[in-house]
Amino acid sequence: MTSEKVSKINLIVSYPPYTRSPDNINKIMHTVVLALLPAIIASVYFFGWRALYLVLLSSASCIFFEGMINAIRKKPVTCFDGSALITGILLAFNLPSNLPYWMVIAGAFFAIVITKELFGGLGYNVFNPALAARVFLLISFPTEMTSWPVPFSADMVTAATPLGLLATQGAGAVEGIGIWQAFVGNIGGCIGETSGLALIIGAILLLARKCITLAIPASFILTAFTFTGIFHIINPAKYSSPDFHVVTGGLILGAFFMATDMVTSPLSKKNQVIFGMGCGLLTGIIRLFGGYPEGVSFAILIMNAFVPLLDKWDLNGRHRRTEEAK
């Protein structure tokens, strides 16, 4: 090849994945927002209009903070691509409906500025912004973040969540809570995690539009189900049934909408299964033996930290197989 021909070649180096899809960021993000609508409606039904106010405030705050960072860094405006909106909705989903509004704004600031933009923006953050903000708020304001309004309570009467009762009083304390009641969402908890039914409806849309696959959600839920089921068989008086663990807390929300985040989850199907299994195992360990009754947020964030290693391991394996083939 002559030097003249070489000079005409434009070498483009980019980060993986290298495949292209007809769906752009806006289209995918707006599909996710549509998938979250059933859970938003359910949150308003069970916890009143204040749940909607939290969703709107959290979403607006995330969009504002991302726009502010865009202006400060003099970068193209990305605050309206849908990613900040989804972060805001998911953050609100992880909050109790009686949380003070200023704490919601503080959480949005942490999610966008600290967890996302300081790492370089969309595509560069290591941890899920909404979950990182929830943990930040939980550590900073533990009393407010563990005060759970009872569904249909106009005066914000609070009570322990089913997982809280299970952790402090054992399986006997939650015998009166039916699986269908918990699955529908008529229990205390964060506004967006209680109704597994509404979340499943949204997840079906994501699966139908191929925004996510079942690799992570299935491995996540099945591992948590199996782990908690083993201990339920060993001591049913202390450990509740595995189906109870699936329909309570944030397992369904985390499995379908948080762990599947394209930026903070592995690229290959094999590593996605490993990632999901790790999330499920850690969730079970924290729920059964940890000091905090819920483990989904911590489990996903811990596994987020392993994603670069999993992707590098997979990439090195492909290079090794290529060399062996030669």
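Predicted model: local features only at pLDDT ≥ 70, side-chain atom pairs only at ≥ 80, totals over all residues.
1. Ile300 touches Leu131, Phe220, Gly254, Met258, Ala259, Phe275 and Cys279, leaving aside residues up to four places away in sequence. Ile300 itself belongs to helix α15, which runs over residues 296–304, and its relative accessible area is 0%, so Ile300 counts as buried. Thr260 stands 40 residues from Ile300 in sequence, and the two C-alpha atoms are 9.8 Å apart in space.

2. The protein has a mean pLDDT of 87, with 88% of its residues at 70 or more. Over residues 11–21, however, pLDDT stays under 50, and for this stretch the model has three contacts beyond four places in sequence.

3. Helix α10 covers residues 196–208, and its 13 residues reach 18 Å from the first C-alpha to the last, close to the 18 Å expected at 1.5 Å a residue. Within α10, the residues Gly196, Ala198, Leu199, Gly202, Ala203 and Leu206 are buried. Seen down the axis of α10, these buried residues fall within an arc of 155°, and they therefore line one face of the helix. Ile204 and Ala208, on the other side of α10, are exposed.

4. As for the surroundings of α10, its buried residues pack against α2 (25–47), α9 (179–184) and α13 (251–258). Just after α10 comes Lys210, which takes a positive phi of about 60°.

Terms used
Residues numbered from 1 in each chain as written. Heavy atoms only, no water. pLDDT = per-residue confidence, 0-100. Contact = heavy atoms within 4.5 Å. Helix = DSSP H or I, 4+ residues; strand = E, 2+ residues; numbered from the N terminus. Buried < 20%, exposed > 50% of the residue type's maximum accessible area, 1.4 Å probe, protein only. Expected span 1.5 Å × (residues − 1). Arc of directions from axis to C-beta.
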